[in-house]
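Work through the exercises below with the model open beside the text. Try each task before reading its solution.

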Amino acid sequence: MSGVVWWVELLVVACWSLAAICASLAAARAGAWHTACRAATALGLCLLGGLLLWLWLHLGRPPLRTLGETRLWYAMLSVTAGGILAWRLGTTALRLPMLILGTLFLCLNLAMPQTLDKTLMPALQSPWFVPHVVDYLLSYAVLGLSAAVALWRLLRRGTDVELPFRLIHAGLPLLTIGLCLGAIWAKEAWGHYWAWDPKETWALLTWITYVCVIHAERDLRSRPRLALGVIAGSFLVVLMCWFLVNHLPSTAVSVHTYTKG
Amino acid sequence: MSDAPRGLKPAVLFAAIFLGAWVVQMLRPDLALHLPDSPWNWLGTVLPVGCGLALGLLRPEAAVTRALASGWLAIACLLGVAASCWPIAVFPVGVAAPGWLHRIGLGDPLSSLPFVAALAGVAVNLAVSLARRLRCGPDRLRFSVVHAGLLIAVIGGAAGHGGLIRARFILEEGGSPGDAVVAEDGRRIRLPVALVLDDFVLERFPPMLLLDDGGRLSRGETLLGPDATDSMQGLDIAVRSWLPAAAVVGGRPVPFREPGANPAADVVVHADGREIAAGWLHPAGPLGIELALPLADGRTLHMESPRPQRFLAQVRADGRPVEVTVNRPLRVDGWAIYLLSYDEKLGPASRTAVFEAVEDRALPAVYLGIGLLLIGVLAHLWRPVTAGSRP
Ligand code: HEM
């Protein structure tokens, strides 16, 4: 099973790398490169969507249990959300960041292939599991895009903060929804909507970080380089909450950490 | 300082108060603040918020109102919450906090003075800015829904914490908790229902293979069973015979039908088409020792203990049979009785189940707050209002 997953991931990486090359060429020469970029992105998305669906049916559980499985979703959601937001906001500036993010997360999976199995712990067998985790991954995807765009502009000495802020205005509500769904689920399953579990506390710290960013927006806009730095840096808290929390001494008592295989 | 952000002064003032509170906590490390029981918990939380609301409504343009409603104060208070609660993210309840954390006053962050000051700041700032925006300012509806939702959820959570009753108890099959159970705070609590545990059931997934390569473990992907096959690390493994429940007698597994008995599998291992090992696998369990299969290349093949798939308690509540599972508690009269765990050493042989009874009268307030917040952020997602775009 993991062999099939590895090969499909490789195919998607190939499609999206091709799409990224077309996107860079399209910046200089419009026309056919745009179409090629769209086609390669869509092909990659279909392959990845198909893989997730196949895994779901084959495993008999939502493929959202291990870190590797969440990276598959993240790759798909960053490209999907990036595409939708690029269309809604009328920009092409998201194309490369979304393809690079998606490819990067798939490459992590290629480098660290994971075993897949059908088991799912009883607490996760709840109708809240899928909406809670998928919404969180979607918010991480959108916030990841904001950080990628900010970092790119920071490195290229840019000062335009409009797009990264707009992405945060999409990512923070999604983060808030994930937090609320998690609280309701926790209440239904364990009796406490907030138990100060390590992952919950990191999720709160992540939420606070982005709430602070949007409340400082008015003043940050007049210091664009600082704003770009703050937006790029804020994503470190997301990474902490998502991956690095697994390496803290607190993990032993957390109900939230993803299994490694 | 001419280009200093507007509204920064109240934030600086709050930072000074917050640091003062922190110093007091460091000087008196055993100072612990807890909300009292109902109705004082409501009074303690609703009173300052009510004053904030009144101030915002009656004097929207007063200097103090502007200061208390400033966006930078919101940032300062939220950073205060983050700065005082982070130790819980690293050393949560159940993990001993290191000595230096006690020395800096954050051994028990959630009842520390700085944390309480920051949380109170959040509530007052939300109340004043909400009321002020209701009187004057753009985008009233959306601002109000998000911030009122947050305010109600924070008050409900804080006040509810003071009045929350949690009582954990263990029941053995055939047993009942008797007249009363002991709550977390030591009080004796009468449950709203007479409870008897009839049966505890743990269903498990079939086990999987584990390969030990000098301490590096890799897991197979197949759930084992009769005729199952799996491939891992260049090995092809096939099950020749299968005992769904077994015990080890004289180094060999024999059928043994007993709850808690683990399965056993007779497997044959091939590498590059050559048979390299064959024999029985059985995980260690409460009923016996482990059987593992050493391979010629120094690696060892094991059978992992089956993982829990579902556990449930069949109880009688006032004589009525009910099934309680994780994610499906028993609800009676504003109480919810949750099935938390069981005797994990015994696994399916466990005859005990751990329950927790919870009464949380503030829950409707918290859910109302969460509901409003969700509506507000959905509206924000649809058409974001950015502070920078305001005139
Ligand atoms: C999901 C969470 C939140 C979202 C989406 C949000 C959104 C916003 C937005 C968009 C504004 C600017 C509105 C405008 O200028 O028209 C604002 C202002 C403000 N927010 Fe929030 N907020 C959130 C959480 C909080 C929290 C937790 C606090 C309190 C600690 C807070 C306190 C304030 C204050 C004081 C203002 C300034 C009010 C004013 O200038 O009249 N907000 N918020």
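**Exercise 1: a helix and its end**

R157(A), which has a positive phi near 60°, follows helix α5(A). The model is a predicted one, in which local features need pLDDT of at least 70 and side-chain atom pairs pLDDT 80 or more, while totals for chains, interfaces and linings use all residues. Residues count from 1 along each chain as its sequence is written, chains are lettered from A in the order in which they are written, and side-chain values use heavy atoms, without hydrogens and water.

Task: check the span of helix α5 of chain A against its number of residues.

Solution. Helices are DSSP runs of H or I with at least four residues, numbered from the N terminus. The expected span is 1.5 Å times one less than the number of residues. Helix α5 covers residues 129-155 of chain A, 27 residues, so it should span 39 Å. Its end C-alpha atoms are 38 Å apart, which agrees.

Next, take the cover of the helix. Buried means under 20% relative accessible area, exposed over 50%, and partly exposed in between, with a 1.4 Å probe and protein chains only. In α5(A), 19 of the 27 residues are buried.

**Exercise 2: aromatic pairs**

Task: classify the pair W6(A) and W7(A).

Solution. Rings of Phe, Tyr and Trp (its six-membered ring) pair if their centres lie within 6.5 Å; planes under 30 degrees apart are stacked, over 60 edge-to-face, and the rest tilted. Over all chains there are 20 such pairs. For W6(A) and W7(A) the centres are 5.3 Å apart and the planes are at 85°, so the pair is edge-to-face. W6(A) is partly exposed at 27%, and W7(A) is exposed at 56%.

Now take Y74(A) and W242(A): with 4.8 Å between centres and 45° between planes, this pair is tilted. Y74(A) lies in helix α3 and W242(A) in helix α9 of chain A, so the pair ties together parts 168 residues apart in sequence. Both residues, Y74(A) and W242(A), are buried.

**Exercise 3: the interface**

Task: describe the interface of chain B and chain A.

Solution. Start with contacts (heavy atoms within 4.5 Å): 62 residues of chain B touch 56 residues of chain A. Buried area is the accessible area (1.4 Å probe) lost by two parts on being put together, summed over both. Here it is about 5,000 Å², 66% of it on carbon and sulfur atoms.

Last, look for salt bridges (a side-chain nitrogen of Lys or Arg within 4 Å of a carboxyl oxygen of Asp or Glu). The interface has 3 of them. R331(B) forms a salt bridge with E188(A), with the closest N and O atoms 2.9 Å apart.

Technical notes: Helix = DSSP H or I, 4+ residues; strand = E, 2+ residues; numbered from the N terminus.
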